[in-house]
Amino acid sequence: MDALTIIIMVVLFVLAMLFVFSTALLTPYIGKKNLISVLLLGLIVGVAAGAFLLSPISEDIPDFTRTLVEESVDGNDNIELDLSTNGNLTQIIQNISSIEGVEKVDYNGITVKIDEEFDSNTEKQLIMTALNNSDPGVSDIKDKGNNTFFLEMTDNADPQSVLDNIYKTFSRETYTHLKYTSMQANVTVKAKQVTRALNQISENDVVVLNVTGPTETQSAMINKVIPTGNNLIIVSGILGVIVAAAGFFVDSLITFIGNLRKKRNKKPSRKENIKRKVVPGTEKQKGSPRRNRRNKKKSIDIFDDSFDNSPKQNIGSNKHFKQLTVDDFQEEKTVKQEKPKKRFSFRRSSNKDEKQEQKTESEKKTRNSQKRGTPRFRPKRRE
């Protein structure tokens with residue numbers, strides 16, 4: 001399964017979860033009593049989507065994660081190969097070296113295993129000497145035990161010529177037969193091109209034994225976290241239930257958060273302050289109104305002796321009040337009986353008094369006319 005198919009299946013799974021979420025949003029129409037039916041719908045859709053969309057991907061998840069990790073990793077990975085000796089070893093190594101991303105191919109030697117032990121040590125020594133002298137590319141022969149021998153090669157040795165000389169030596173010098181021959185090689189590949197190199201290497205007569213490097217370590221860590229098989233189906237079902245519950249309660253959650261924000265940001269207007277009889281800027285007052293009432297000073301009684309010594313006296317106070325007596329009333333009578341002395345004659349004074357009376361009468365008439373709204377002069381009638 002390629003990367004495009006995996007992406008399409010993941011997108012379809014996301015669409016299935018969106019369907020569950022949108023169905024749960026219809027709670028104002030279907031009623032909040034149907035919570036169990038909504039959760040069951042989420043469970044069924046989640047399990048079905050996990051079984052038909054995600055479980056086929058579980059087999060290809062390691063390769064898919066490797067391709068994702070390759071884009072963010074730098075360095076080199078090492079690929080251990082077991083080359084088939086039935087083909088041309090030299091040609092296989094050249095084909096692997098020509099792959100894009102492969103930096104070098106290292107090989108140490110060829111492993112030889114015989115089907116039975118040699119008849120004697122002399123025969124064994126003759127075979128070892130013949131193998132060592134048959135090709136200049138062989139540097140040393142090591143006995144690994146259990147009828148197994150390892151022929152080390154030099155850096156410039158031709159692997160296929162060494163293998164041909166091994167076959168000739170065993171066919172001519174002894175009756176002991178070869179059980180099998182094998183050759184291992186280490187390929188150094190750029191970390192960003194490991195997947196492409198592995199696909200091309202597998203086309204040759206080789207077997208991939210192991211892959212080590214930063215790409216493999218990070219992809220292995222991711223694969224441990226990602227569920228596979230039945231665990232993936234269970235996780236997708238639980239995810240469907242969670243999505244259904246989120247869509248069911250999202251409406252009430254949004255309204256609750258909106259009310260909290262309104263309460264925090266709400267400020268009383270001027271009209272509300274006037275209605276509440278609160279002066280703007282004095283909303284935060286320390287202490288309760290009962291305490292303020294208790295802390296107020298007692299009022300002063302004007303009929304009490306303490307009022308004389310108090311600084312808070314208004315107009316009309318009785319601080320300089322003097323009680324009237326009979327003598328005071330007699331003095332007022334004597335003042336009224338006394339007439340003022342006049343310097344001018346009676347005629348002049350009488351004329352002045354008459355003029356003043358005429359002025360006052362004329363002023364009264366004009367005021368009364370203005371109040372009534374009547375004009376000063378009556379208009380003449382037209383004949």
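Mentor: What follows is a set of questions and answers on the fold, a strand, a helix and some salt bridges. The model is a predicted one, in which local features need pLDDT of at least 70 and side-chain atom pairs count only at pLDDT 80 or more, while totals for chains, interfaces and linings use all residues. Residues are numbered from 1 along each chain as its sequence is written, and side-chain values use heavy atoms, with hydrogens and water left out.

Trainee: How many helices and strands does the chain have?

Mentor: Helices (H or I, at least four residues) and strands (E, at least two) are taken as DSSP runs, numbered from the N terminus. On that basis, the chain has 15 helices and six strands.

Trainee: What share of the residues of the chain counts as buried?

Mentor: Buried means under 20% relative accessible area, exposed over 50%, and partly exposed in between, with a 1.4 Å probe and protein chains only. With that cut-off applied to the 383 residues of the chain, the buried share is 27%.

Trainee: Which residues make up the covered face of E1?

Mentor: In a regular strand the side chains alternate between the two faces of the sheet. In E1, Asn 76, Asn 78, Glu 80 and Asp 82 form the uncovered face, and the covered one consists of Asp 77, Ile 79, Leu 81 and Leu 83.

Trainee: Asp 82 has a bridge partner in E5 and another in E6; which residues are they?

Mentor: Two strands pair if DSSP finds at least two bridges between them. E1 and E5 pair in the antiparallel sense over eight bridges, and six bridges join E1 to strand E6 (residues 206-212), again running antiparallel. For Asp 82, the partner in E5 is Gln 184, and the partner in E6 is Val 207.

Trainee: Why do the buried residues of H8 lie on the same side of the helix, and what arc do they cover?

Mentor: The buried residues of H8 are Val 194, Thr 195, Ala 197, Leu 198 and Ile 201. They lie on the same side of H8 because the arc they cover around the axis, taken from the directions from the helix axis to the C-beta atoms, is only 165°.

Trainee: Against which elements do those buried residues of H8 pack?

Mentor: A contact here means heavy atoms within 4.5 Å. The buried residues of H8 pack against H4, E1, H5, E5, E6 and helix H9 (214-225).

Trainee: How far apart in sequence are the parts that Asp 74 and Lys 192 tie together?

Mentor: A salt bridge is a side-chain nitrogen of Lys or Arg within 4 Å of a carboxyl oxygen of Asp or Glu, and Asp 74 forms one with Lys 192, their closest N and O atoms being 3.5 Å apart. Asp 74 lies in the loop between helix H4 (61-70) and strand E1 (76-83), and Lys 192 in the loop between strand E5 (178-190) and helix H8 (194-201), so the parts tied together are separated in sequence by 118 residues.

Trainee: In which strands do Glu 152 and Lys 142 lie?

Mentor: Glu 152 forms a salt bridge with Lys 142, the closest N and O atoms being 2.7 Å apart. The pair ties together parts that are ten residues apart in sequence, since Glu 152 lies in strand E4 (residues 148-153) and Lys 142 in strand E3 (residues 138-145).
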